[in-house]
Amino acid sequence: MRRGALAIAAGVLVIGVLAAGSLFLAPQDQQIVVMRLGAPVRVVDGGASSFLQLKAPFVDSLIRLDRRSLWLARDGFSAVSADGRPLAAGAIVRYRIVDALGFVRSVGSERALADRLTPMLGAAAHAALASASYQQILGGDRAAIDGKALALTRDEAQAARLGVAIDAVQVADIAPTPSEGEAIQARMAQGFSGEADQMRDEGKAQARAIDAKGKAAAAEALAQATGQAAAIATDQEAQVGRIYAQSFGADPGFAAFWRSMEAYRKTLADGSAVLVLSPDSPWLRYLVRPPPGR
């Protein structure tokens, strides 16, 4: 009896071990490659089958692969634009494993894919940057660059039979290299300095033009004022002359008296003149004998 129970227990244990080694379940986000003696024989897609699956115990092994879109990044690398300007950049690729058997045969595992796909991504991004000018790259023409990198990466992946579909490539973190950045700053500083010098020169030229214009306007105004003053003085002198003429014509005696008074004023004004004249000199007639009624 005891021997029979042991046999039954051993049989159940063996069946349990065989069942555990021959049954498996594929999650919806995985595709499982069944390996038999190290060679891939079939694929169980978790998105299509959620039932328990069978495999040969002790003979078959499983490689689990992701069904979802995956991302792989290429760290910073150096590149050169079409016009020879050095750049630093990075790249990101989005892919899916679409041929699990081909993927296992060609690559082996998801970890090994990075060693195969990363150089392809870097080479494609480098070639895409080399096809565009420095201004196009930094000016925002990224769609064309990403499209070229995508096409090149996709071609390389298909040629290598990696079993993956390349859905998108983005060339990211594009920037001038440190030496190029310093050169750009130097050129910008030189440009700003040149613009400042030009603005100063233009300001000085405008100041000279304004000063010359002001001086010309002042000279013109002074000339006009001088001419007007001269005209006014001439007119006044003419008026005085007319008044004198009218006065002298109306009273010749007064005219003679006025001229004598002017002569006395001019001669004797400062009180230092010394005159030696006879008492009956005509020059003294108004000083000695004033005119009647004056």
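Is Arg67 buried, exposed or partly exposed? Arg67 counts as partly exposed, at 35% relative accessibility. Here buried means under 20% relative accessible area, exposed means over 50%, and partly exposed lies in between (1.4 Å probe, protein chains only). This is a predicted model, in which local features need pLDDT of at least 70, side-chain atom pairs count only at pLDDT 80 or more, and totals for chains, interfaces and linings use all residues. Residues are numbered from 1 along each chain as its sequence is written, and side-chain values use heavy atoms, with hydrogens and water left out.

**Salt bridges: overview**

- Five salt bridges occur in the structure.
- The criterion is a side-chain nitrogen of Lys or Arg within 4 Å of a carboxyl oxygen of Asp or Glu.
- Side chains of opposite charge can pair when their charged atoms come close.

**Arg67 and Asp45**

- Arg67 pairs with Asp45 in a salt bridge, at 2.7 Å from N to O.
- This pair links distant parts of the chain, 22 residues apart.
- Arg67 sits in the loop between strand 5 (60-66) and strand 6 (70-80), while Asp45 belongs to strand 3 (residues 39-45).
- Strands (E, at least two residues) and helices (H or I, at least four) are DSSP runs, numbered from the N terminus.
- Asp45 is partly exposed, with 29% relative accessible area.

**Arg68 and Asp66**

- A salt bridge joins Arg68 to Asp66, with 2.7 Å between the closest N and O atoms.
- Arg68 is partly exposed at 47% relative accessibility.
- Asp66 is buried, with a relative accessible area of 12%.

- Arg96 forms a salt bridge with Asp167, and the closest N and O atoms are 2.8 Å apart.
- Distant parts of the chain are linked here too: Arg96 lies in strand 7 (residues 86-97) and Asp167 in strand 8 (residues 164-176), 71 residues apart.
- Arg96 counts as partly exposed, at 31% relative accessibility.
- Asp167 is also partly exposed, with a relative accessible area of 24%.
- Arg94 joins Arg96 and Asp167 in a network of salt bridges.

**Nonpolar surface patch**

- Leu23, Leu25 and Leu52 make a nonpolar surface patch of about 280 Å².
- Patch residues have over 30% relative accessible area and no salt bridge; like charges are joined within 9 Å, and nonpolar side chains (Val, Leu, Ile, Met, Phe, Trp, Tyr) within 5 Å.
- Accessible areas come from the Shrake-Rupley method with a 1.4 Å probe; for residues, only the protein chains shown count as cover.
- Leu23 lies in strand 1 (residues 23-25).
- Leu23 is partly exposed, with a relative accessible area of 36%.
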